[in-house]
Amino acid sequence: MEHFFMSYKSASAHVQYNGLTSDNFSISQGVGQGRVLSSWLFSLYINDLILQLISTNCGIRIGYLNIPAILLADDTTLLSASPKGLQGLLDCVQTYACKWRLKYNGTKSCVLTFNNNTDVDIKLGNTTIACKNDTIYAGTLITNNNKTFERTKNAAKKLKKNLHSLYSAGVNPKGLTPITNTLIWKRFVLSTALYSCEVWGQLSNSEIELLERTQRYAARYIQCMDKYSPTHSTTSNLGLWSLEAVIDKFKLLFFGRLCRSKSGTTHKKLFNMCISQFILDENAEHSITYNLITTLVKYDLFSFLETYVNEDYIPEKVLWSKIVRQSIEIYEENRWKSNLENRNELKRYSKIHPTLCEHRLIRLTVLYPDTKLELLVLVALFENRFNFEY
């Protein structure tokens with residue numbers, strides 16, 4: 001404990017600007033950015049505020065739950081069913097901030113109303129908080145009309161932007177091999193652009209097509225393909241799932257985390273309540289939990305929900321991840337083969353490339369990177385494709 005105390009007692013910093021460096025100065029409050037214990041210490045520090053917000057009884061009511069706030073790191077979202085209730089929560093926050101020397105910037109905050117009533121006067125201290133139609137929270141666009149296309153459009157733009165931002169790092173047709181670029185696409189580009197997609201809910205057909213079109217663009221870019229390349233071979237050459245399947249994977253893993261979470265937490269109580277509504281058929285179609293359940297059904301995993309309800313059991317993290325991956329792989333493989341059967345021009349291609357994995361010729365680019373261009377030309381020939389861009 002003494003070492004822990006001393007690590008903060010001796011904390012200092014300096015400022016660098018335009019080639020100049022200031023003298024060191026001591027830091028007497030706050031937690032270290034990136035430290036393992038920082039999030040726990042902040043949660044401990046802010047816990048009294050949560051208890052005080054709950055005691056106001058001004059939060060939204062979902063069943064028997066009173067939920068006045070959602071906290072993510074130092075971002076605080078207050079939830080109330082009325083302007084009066086929201087003002088009561090803000091007054092509570094202001095009192096707590098004055099007592100414990102916290103500073104909230106009201107000009108960086110906003111009010112979202114979901115009943116078309118934007119004429120509300122809400123204040124944090126002496127600062128009037130502006131009413132808006134949308135805001136970005138935890139990297140996700142939230143609108144007060146519950147329309148989601150703009151959010152998906154932003155994700156598609158971010159996918160392209162992140163892809164091209166890595167050009168100088170070798171993510172381009174003349175740089176790294178297609179296999180390496182595909183790994184970067186899956187592990188870095190997708191993970192940032194699809195952040196929080198597990199709570200997006202049901203996507204419309206136009207949203208799904210927008211995302212798939214963006215991934216096809218990336219696959220063509222990686223393989224030096226022209227824009228007229230066959231859709232079903234464009235991504236399968238790299239062994240890519242559809243982005244709909246990628247999002248479904250995040251949803252199913254999120255379902256597993258919810259099932260394994262501690263029973264006393266608010267999100268676990270809310271999750272169990274939504275499952276009960278589903279079982280009782282109480283109009284839960286618009287909830288995120290309902291969307292998670294339909295995703296389970298889609299991949300023949302509904303039996304795991306039944307086991308969870310009856311026995312409070314869900315496979316541990318590693319096993320559940322393996323089950324999800326295998327189920328989606330089977331689904332994607334069957335859908336891909338079905339699509340190929342309906343395309344006469346891809347019959348020869350389906351015989352050479354019968355499974356949804358990296359094309360054998362593309363795998364050879366890892367062993368023989370100097371022949372990458374020639375190997376990609378061969379891939380194009382096997383697809384009856386002669387327009388090649390490089």
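In which helix is Arg-220 found? Arg-220 is found in helix H6, residues 205-223; helices here are DSSP runs of H or I with at least four residues, strands are runs of E with at least two, and both are numbered from the N terminus. I shall return to that residue after an overview.

The structure is a predicted model, in which local features need pLDDT of at least 70 and side-chain atom pairs count only at pLDDT 80 or more, while totals for chains, interfaces and linings use all residues. Residues are numbered from 1 along each chain as its sequence is written, and side-chain values use heavy atoms, with hydrogens and water left out.

Let me begin with the whole protein. It contains 15 helices and 14 strands, and its C-alpha trace spans about 75 × 65 × 50 Å along the principal axes. Of its 390 residues, 38% count as buried. Buried means under 20% relative accessible area, exposed means over 50%, and partly exposed lies in between, with a 1.4 Å probe and protein chains only. The protein exposes about 23500 Å², of which carbon and sulfur atoms supply 54%; accessible areas come from the Shrake-Rupley method with a 1.4 Å probe, and for residues only the protein chains shown count as cover. Among contacts between residues at least 6 apart in sequence, 59% join residues at least 24 apart, where contact means heavy atoms within 4.5 Å.

I turn to the domains. The domain assignment gives domain 1 as 37-143 and domain 2 as 148-383; such bounds come from an automatic or database domain assignment. The C-alpha centres of the two domains lie 35 Å apart, and the contact between them takes nine residues from domain 1 and 10 residues from domain 2.

Next, the interior. In soluble globular proteins, nonpolar side chains tend to be buried together. A nonpolar core is defined here as a set of buried Ala, Val, Leu, Ile, Met, Phe, Trp, Tyr and Cys residues joined through side-chain atoms within 4.5 Å. The largest core has 59 residues, and those touching the most other members are Leu-159, Trp-185, Trp-200, Leu-211, Phe-255 and Trp-320. Helix H8, residues 243-260, gives the most to this core, with nine residues. Apart from this core lies another, of 17 residues, including Leu-49, Leu-90, Ile-122 and Ile-129. What does Leu-159 contact, leaving aside its neighbours within four places in sequence? Its partners are Trp-185, Val-189, Leu-190, Ala-193, Leu-211, Thr-214 and Leu-243.

Arg-220 can now be revisited. This arginine is buried, because its relative accessible area is 13%. With neighbours within four places in sequence set aside, Arg-220 is in contact with Met-225, Asp-226, Lys-227, Ser-229, Pro-230, Thr-231 and Thr-234.

The charged pairs come next. The whole structure holds 10 salt bridges, each being a side-chain nitrogen of Lys or Arg within 4 Å of a carboxyl oxygen of Asp or Glu. One of them joins Lys-298 and Asp-248, at 2.8 Å from N to O. This pair links distant parts of the chain, with Lys-298 in helix H10 (residues 288-298) and Asp-248 in helix H8, 50 residues apart. Lys-298 is partly exposed at 25% relative accessible area, whereas Asp-248 is buried at 6%. Both belong to a network of salt bridges that also links Glu-244, Glu-332 and Arg-335.

Glu-329 counts as partly exposed at 35%, as does Arg-325 at 41%. A further bridge joins Lys-337 and Glu-333, at 3.6 Å from N to O. Those two are also in helix H12, four residues apart, and are therefore separated by about one helical turn. Lys-337 is partly exposed at 36%, while Glu-333 is buried at 16%.

Finally, the surface. Val-15, Tyr-17, Phe-25 and Ile-27 form a nonpolar patch there, with about 410 Å² of accessible area together. Patches are made of residues with over 30% relative accessible area and no salt bridge, with like charges joined within 9 Å and nonpolar side chains (Val, Leu, Ile, Met, Phe, Trp, Tyr) within 5 Å. Tyr-17 lies in strand S2, residues 16-17, and counts as exposed because its relative accessibility is 64%.
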